[in-house]
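Hi everyone, thanks for making time.

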Amino acid sequence: MRPLKSVRVVTLAVVLVAALLLSACSGGGAAPSGSSGGGSGSSAAGDKTFRIAVGIDPDTLDPAGMTTTTVANMVDYIVETLVKIDKDGNIQPALAESWQVAADGRSITFKLRQGVKFHDGTPFNAEAVKFNIERILNPDVRMPLRASYAVIQGVEVKDEYTVTLRLKEPAPYLLGALTYTAAGMISPNSVNEHGNSMTAYQHPVGTGPYVLKEYTKGSQLVLEKFQDYWGEKPYYDQVVFQIVPEAATRESLLLAGQVDMIILPPTSDIPALQKNSKVKVLLAPSDRTIFVAINTQHPALKDKRVRQALNYAVNKEEIIKNVLFGAADVMDAPMAKPLVGYCQTGPYPYDPEKAKQLLQEAGATNLELKFVTPTGRYLQDYQAAQAIANFLQQVGVKTTLSTMDWPTYTATVQVPPEQATVQLHILGWAPTFLDAQQQMLQFTKDNHPPKGLASSYYTNPRVEELVAQANREVDQAKRQQLYCEAAKIIWEDAPWIFLWVQRFPIVHSAEVTNISYLPNEKFDAIYARPVQ
């Protein structure tokens, strides 16, 4: 486990942020430009570098291995998918110009863009698509989200620019799944270059507007513009993702002009940032549910009354008000409202006496649980975890809380149940497309680690049956009903402490424009450029 930064460093960052906010709000002069900041292009003649500060280090750069949207956002600069989603969640052409779903729903045929090249100069064509689809279906390739693609039975090359996916059964969610980074196209040749292999792939070679130049673990990811890009050329010659776990430090870098954009600033500072004319704040909607995953296979947590008690013990509203400063909404179902398949099933109101009663009925007094959280991945994640631990303490549940960087955290929680070392962990789940199919991956046995990311190890035969039916149901009303019935059972079984649906704060320099968001908790900044 990597230790946290010292308290002194964080405190100094907070002091710097406070000073900069005070200066900005009092009408002081413009924040100084950093020596390598790219928003205004003022650091050096001809310098066109755009710097983004993010909270976590990539756990992998293999598109197939994506586990979180922040890392996927980085990889999106390098690789592209057959189809993509827009700001409203609609599916749009990308590397495929058009597509046709068969009347029986058991195949999809794509017409591909011509004249597209990978970064290594090899052509993008139907054979490349076949290679990529077969790779993400290859059980030897680590693919945490494979379940959304497992319905693909085979890939048929019709001609150089036409390819058909044959399906085992109708899958109304599949086009949405193909918009996500995990289905990004890499050069078939690249699995034998840059130290890559088919199963150990860490230097992606795609068709995107930027090429991977350099990655320094724990520090930065540097990308350079791809001169032969097929589409609209981005403005900036270079994009640098800086790894900055502490939210206050990310904010101080932005206010000092050393980066051009950040995500997830300290939520307590959002009102002041909104008043600061030097920056722009986007409070983007999100489909990310934040929860405490409960190890349902741990002997002390197998009884659902204990898990329900943990839900009643936590005052979600108070944490949202005092820790998240209103930047979230209490969960009232096992999924966010924008998803197809949502129906209200809750909430669990704050009721510590009910929690104590359920714990006593289940014979679960004097519980002691290990609790872990990442730092810098979600809004106020460590601070929220501290508040949750305090509420649990008040009903007699003792926790040992620890935090760690993202790669260490994922390695800790994405293990088979027999290897689990913790009983509780904060996690966020943002479906990559607005459909319950992917949210429900969290509640099916086939997606328990290491095959998937369902780290509560929850399963219920009736839920499994309902989800399987819904996934292949083409009648939308029937799909909705099936998912809703499953959601009600999940809510009762309480495999999570259901917390909140967080917003997605993006803050950028007022000197740059063309920055937006996507509804699956991604920022959209590839075509950022200076304000004219």
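First, some housekeeping. This is a predicted model, so local features need pLDDT of at least 70 and side-chain atom pairs count only at pLDDT 80 or more, while totals for chains, interfaces and linings use all residues. Residues are numbered from 1 along each chain as its sequence is written, and side-chain values use heavy atoms, with hydrogens and water left out.

Okay, domains. The chain is divided into domain 1 (48-78 + 208-285 + 504-531), domain 2 (86-188) and domain 3 (289-502); those bounds come from an automatic or database domain assignment. The centres of domain 1 and domain 2, taken over C-alpha atoms, are 27 Å apart. Between these two, 22 residues of domain 1 are in contact with 23 residues of domain 2, where contact means heavy atoms within 4.5 Å.

Now for the spaces. We work on a 1 Å grid over the protein atoms alone: a cavity is a set of points where a 1.4 Å probe fits but cannot get out, and a pocket is an open set with protein on both sides within 12 Å along at least five of seven lines. Lining residues have an atom within 4 Å of a point. Points are joined across faces, edges and corners, and a volume is the space filled by probe spheres set on them.

Let's take the second largest pocket, at about 660 Å³. It has 29 lining residues, and the closest to its centre are Lys-84, Ile-85, Leu-518, Asp-524 and Ile-526. Elements giving two or more residues are β2 (83-85), β3 (91-93) and β22 (522-524), and β22 gives the most, with three. When I say helix or strand, I mean DSSP runs numbered from the N terminus: H or I of at least four residues for helices, E of at least two for strands. The lining splits into 14 nonpolar, eight polar and seven charged residues. Here Ala, Val, Leu, Ile, Met, Phe, Trp, Tyr, Cys and Pro count as nonpolar, Asp, Glu, Lys and Arg as charged, and the others, Gly among them, as polar. So where does this second largest pocket lie? Domain 1 and domain 2 both give residues to its lining, so it lies between them.

On to cavities: a search of the whole structure finds three of 30 Å³ or more. The largest cavity has a volume of about 200 Å³. Of its 20 lining residues, Thr-67, Thr-68, Gly-428, Trp-429 and Leu-453 are the closest to the centre. Both α11 (406-413) and β17 (424-429) give two or more residues to that lining, with α11 giving the largest share, four residues. By type, it's ten nonpolar, nine polar and one charged. This cavity lies between domain 1 and domain 3, because both give residues to its lining.

The second largest cavity holds about 50 Å³ of space. Its lining includes Asn-295, His-425 and Tyr-457, and divides into five nonpolar, four polar and no charged residues.

What about the packing? In soluble globular proteins, nonpolar side chains tend to be buried together. A nonpolar core here is a set of buried Ala, Val, Leu, Ile, Met, Phe, Trp, Tyr and Cys residues joined through side-chain atoms within 4.5 Å. Buried means under 20% relative accessible area, exposed over 50%, and partly exposed in between, using a 1.4 Å probe and protein chains only. The largest core has 153 residues, and Phe-110 and Tyr-149 have the most contacts inside it. Helix α10 (residues 381-394) gives the most to this core, with seven residues. A second, separate core of ten residues includes Leu-253, Ile-262, Leu-273 and Val-279.

Last bit: the backbone. Most residues other than glycine have a negative phi, and most peptide bonds are trans. Now look at the bond joining Gly-346 and Pro-347: it's cis, with omega about 15°. Pro-347 sits in the loop between β14 (328-330) and α9 (352-361). The bond from Pro-449 to Pro-450 is cis as well, with omega near 10°.

Then there's positive phi. Leu-264 has phi near 55° and is buried, with a relative accessible area of 4%. Asn-514 has phi near 65°, but is partly exposed, at 43%.
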